[in-house]
Amino acid sequence: MASSLLPLGREEARVRIERMAAGGDGVGRLDDGIVVFTPRTAPGDLARVSVAREKRMARGLPIEILEPGPQRTDPPCPHYTADRCGGCQLQHVTYEAQLAIKGQVIADAMQRIGRRQVEPPVVEGSDRPWRYRRKLTLAMKRRGPRWIAGLHPYDNPVAIFALDDCPITQEPVVAIWKEILAAQRWFPEAKTLRGAVRLLDDGASFHLEGAVSWGRAREFFAQVPSVHALFWTPKGATRAQPLHERAKGSAQGGISFVQVNAGVAARLREHVLARARAHAPQVVIDAYAGTGDTAVPLARDGARVTAIELDRAAVAIARARLPKGARVEAGRVEVLLPAELPADLVLLNPPRAGVDERVTAALAGAGAQGMRAIIYTSCNPATLARDVARLPGWRIASLAGFDMFPQTAHVETVCELVPEGA
């Protein structure tokens, strides 16, 4: 029955949540069978929901949890409830359930998009479900004479609330953000900005985006001693420029490269290396190679490794790290990969958008040329599954999940592919 207190076009309904969607919304059905997606709900919940119908589905906003399901827990972060923070999606779900949900999300994507029948993989949990993040990016906005820095509510991507703490982020990162805000009198003139603090092994970096000019950057840098390297991307520009550093070389890698969850990243890397070494490759192409974290150990094993990377700073670091005989090619994978084939093994670690169709086209027939395996690391099960669907001559030999981002809906997946006849 519709409520007169609801906005025009919305109705109220009771919904039993059956499962979780890839983005972290609970999924249930209205009385007429229409599927409704509702954030902040958990499997088994009976929720009173404000519903807006679309063509073939509906979107809900929770009003009240009438009966909590067995996987629901109390979220510890005040921002998650009071400010409806959109940075996390799963704080209201027990951690054991989060891991099972993410395994099911991977399997659903592989079956629905990849057209491969797989069981939900085990998702390896984080040894630190809280305080794991070494990077925090915040939106910044003037509010009267002061700047606030914070995140967006999940139901209002334009609004910003002032962030006091973030319990999935390491305390030093939060403390550096407070140091930065204390020096806001030296911020550039702008209405909005965006900033990122990254905790590195030898200090921290701060990257500010926005504003046409920043004439007082040096004064700002002097007031934030915890920041070892300062970067700025002017409004309209696409590349960050290093401005200041405490010691020579402290800015190297400070803009592009930090593992958000160092412990899980190390275990994921060891898994990739173990699966790679199982194929005893002599010729390896490491695509989207970054700074060479997987290329370097494989090259030291004696393989002839070609690393492909677009980011210029990463290329410089990888070239300095790789042993003699290994190569780093700077450019786009879809352009450079075909000329580097054949190889025994190809490693893929693309951004969330997945690989260009030219990459899968180049690899599709490589099994017939003697290639032994493709090992694909993905932070997006949907684009991973799409790309696997483009490789009909390859079968999934192993599938593993890693919880790089606890309390959020994101999951890392490592998919090992071998030729159909192998």
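Two residues are in contact when heavy atoms lie within 4.5 Å. Welcome to a predicted model, where local features need pLDDT of at least 70, side-chain atom pairs count only at pLDDT 80 or more, and totals for chains, interfaces and linings use all residues. Residues are numbered from 1 along each chain as its sequence is written, and side-chain values use heavy atoms, leaving out hydrogens and water.

**Helix α10**
- Helices (H or I, at least four residues) and strands (E, at least two) are DSSP runs, numbered from the N terminus.
- Seven of the nine residues of α10 (residues 381–389) are buried, so this helix is largely enclosed by the rest of the structure; buried means under 20% relative accessible area, exposed over 50%, and partly exposed in between (1.4 Å probe, protein chains only).
- Among the buried residues of α10 are P381, L384 and V388.
- Their cover includes α2 (95–112), α9 (357–364), β18 (373–378), β19 (394–402) and β20 (412–419).

**Salt bridges**
- A salt bridge puts a side-chain nitrogen of Lys or Arg within 4 Å of a carboxyl oxygen of Asp or Glu, and by this rule the count comes to 26.
- One of them joins D155 to R84, with the closest N and O atoms 2.9 Å apart.
- D155 sits in the loop between β8 (146–151) and β9 (161–162) and R84 in the loop between α1 (78–82) and α2, so the pair ties together parts 71 residues apart in sequence.
- R372 and D344 also meet in a salt bridge (3.8 Å, N to O).
- R372 is partly exposed at 32% relative accessible area, whereas D344 is buried at 13%.
- E11, D32 and R53 are linked in a network of salt bridges.
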